[in-house]
Amino acid sequence: MSTWMQSISSWFLPEEDTSSAPYSSTPPNASPNSPRLELGRDMRHKIAPWEHQVPFHWMGLQAQLKQHILQIPHFLPYFDVEVPESFLLSLDDPKTNDMATVAIREDAKLARRRIELVPRRMSQEQFWRVYFYVTSFIKQCKPSEVRSKLSALCSSGKLKQEQEELIIRLMEECAHLKEQSEELTEILERFNQLTMTEKMGRDLPPDTEKPSKSEIDDRMRGCIESKKKISLLASEVLDENYILQAQQVNVSFQVLMSQYIIFERLTFQPKRKLKSTSFTPKILGSKRDEDDASVTTEAQRKNIGLVLPIRFHRRHWRLLYSTREHGISLQTMYRHCANESPVLIIVQTTKGSIMGCFCGEAIHLSSKFYGSGETFVFRFKDYGTFNSYHWTKQNEYFVLSSSSGIAFGGGATGGAAIQLDAEFKYGSSKKCATFNSPPLVQGESEDHLADAGDFNIHAVECFAFDVGPTHVLSEKLAQLSSVESSTNDEGAL
């Protein structure tokens, strides 16, 4: 056995410990002889894997080490890594058992991944062998070499094939975006030059063809979608060289954005200013009376409407889901919100506080974060003061919606701005790096052991937005049609 492997294995060699625990957590359908996690033990003096025997080169960087280890369950191929037989691990060792239990309690993603894999794909012992092996491998790496070393560790078998496929897709998408960005940049430069010539009162040369605004907008949307795909693919690729190549495409995209900003300024059509407060969104699609259709008041809806993207400022709200009308279930909410984009989520606590999130994309089940830079969160503090918190560009952790809960925002420090459980009973709000938001509620939970941002949920509502002027026009046409029909009937009589 190599010296390096011996040093790793020594971390998990059994030690004499006569302590025992009355309770255990065994996965469904597990063999009676399979190792158990003893959750009944007192965890106050136990340590997590990222705190155990931290090597010298990680001293002072424990927070960074913790983040690397917390990323393990987010990347499924790590659990296909081949663990050397020389790597010793026993869940019967109380020290290892305690570390596994702390990891499960502090890392919700690891707990979900364990339920997903054990016993369907692997035994519990295999699961923890892989987890602790990758954990110890990270500790042995220098902080600057973690990603490259993990890439080398995973460059075998099925994982290697998956990485190769991801890299091919990433490079194809990068090439496509670069080509589209350069073409659209040329079109925008030509459009902007011609538009400025017209604004100066000069005639355009004969037979000059000016690109249409709608065509440019459509192509720009395609480039933005391609940029989103690149971000998602790059987050799954381990090789830093390809990640750097993907980042270089940002140069072409930034040049495109600068031209598009000029284009938007030149094509902006100022309209007669209206007092924003003069418009109050109505609640459409509710079975309740108009005054009781939402937990929000008219004044609160006005405030929220002011910070929505401008295209939704004067749109009425269409109810998709409400715990007061459709039942208390996260799965029911997913069904009612399917294919609806964007979505406005509002949460009311049992203490009467109101908070919420505007999500620029359709809410759906996903094991990864998704969303767009339009996403933001808001709150009404002390039943009056309104605050909204928008994207800081520090990360892209907008929405994470799984079967066990839904969260808006995240980051290395703090947590989600809003997090709700699957039964809409409990929620929490923490300081969030995605929106630079403080906890949206404080001290509402009656449990003295709860965090300051924990709360009990009274109601959850989800809204889409009506189709705007087209919707109003269709209603008016229907009214005119009914009037003409009644007039014709009276003439007949």
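This briefing covers the strands, charged residues and backbone geometry of the structure above.

The model is predicted: local features need pLDDT of at least 70, side-chain atom pairs count only at pLDDT 80 or more, and totals for chains, interfaces and linings use all residues. Residues are numbered from 1 along each chain as its sequence is written, and side-chain values use heavy atoms, with hydrogens and water left out. The structure holds 13 salt bridges, and a salt bridge is a side-chain nitrogen of Lys or Arg within 4 Å of a carboxyl oxygen of Asp or Glu. Helices (H or I, at least four residues) and strands (E, at least two) are DSSP runs, numbered from the N terminus. Buried means under 20% relative accessible area, exposed means over 50%, and partly exposed lies in between (1.4 Å probe, protein chains only).

- Strand 7 (residues 399-402) and strand 8 (residues 405-408) run antiparallel and are joined by 4 bridges; two strands pair if DSSP finds at least two bridges between them.
- A hairpin is formed by strand 7 and strand 8, with 2 residues between them.
- Across this pair, Val399 stands opposite Phe408, and Leu400 has Ala407 as its bridge partner.
- Strand 8 also pairs with strand 9 (residues 418-421), in the antiparallel sense and over 4 bridges.

**Strand 6**

- His390 belongs to strand 6 (residues 385-390).
- With a relative accessible area of 35%, His390 is partly exposed.
- His390 and Val307 are 83 residues apart along the chain, and their C-alpha atoms are separated by 9.5 Å.

**Salt bridges**

- Side chains of opposite charge can pair when their charged atoms come close.
- Glu361 and Lys228 form a salt bridge in which the closest N and O atoms are 3.3 Å apart.
- This pair links distant parts of the chain, 133 residues apart: Glu361 is in the loop between strand 4 (354-359) and strand 5 (376-381), and Lys228 is in helix 8 (residues 213-236).
- Lys228 counts as partly exposed, at 27% relative accessibility.
- Glu340 and Arg318 form a salt bridge, the closest N and O atoms being 3.3 Å apart.
- Arg318 has a relative accessible area of 30% and is partly exposed.
- Glu423 forms a salt bridge with Lys425, and their closest N and O atoms are 3.5 Å apart.
- Glu423 is partly exposed at a relative accessible area of 47%, and Lys425 is partly exposed at 46%.
- A network of salt bridges links Arg288, Asp292, Arg324 and Glu461.

**Surface charge**

- Glu179, Glu182, Glu186 and Glu189 gather in a patch of negative charge on the surface.
- Patches are made of residues with over 30% relative accessible area and no salt bridge, like charges being joined within 9 Å and nonpolar side chains (Val, Leu, Ile, Met, Phe, Trp, Tyr) within 5 Å.
- Glu186 is in helix 7 (residues 157-199) and is exposed, with a relative accessible area of 56%.

**Backbone geometry**

- Most residues other than glycine have a negative phi, and most peptide bonds are trans.
- The peptide bond from Val118 to Pro119 is cis, with omega near 0°; Pro119 lies in the loop between helix 4 (108-117) and helix 5 (124-140).
- The bond from Ser341 to Pro342 is also a cis peptide bond, with omega near -5°, and Pro342 is in the loop between helix 12 and strand 3.
- Phe424 has a positive phi, near 50°; this residue is in the loop between strand 9 and strand 10 (426-428) and is buried, with a relative accessible area of 4%.
- Asn436 has a positive phi, near 50°, and lies in the loop between strand 10 and strand 11 (454-465).
- Asn436 is exposed, with a relative accessible area of 51%.

How values were computed:
Accessible areas come from the Shrake-Rupley method with a 1.4 Å probe; for residues, only the protein chains shown count as cover. Lys and Arg count as positive and Asp and Glu as negative; His and the chain ends are not counted. The place of a charge is taken as NZ of Lys, CZ of Arg, CG of Asp or CD of Glu.
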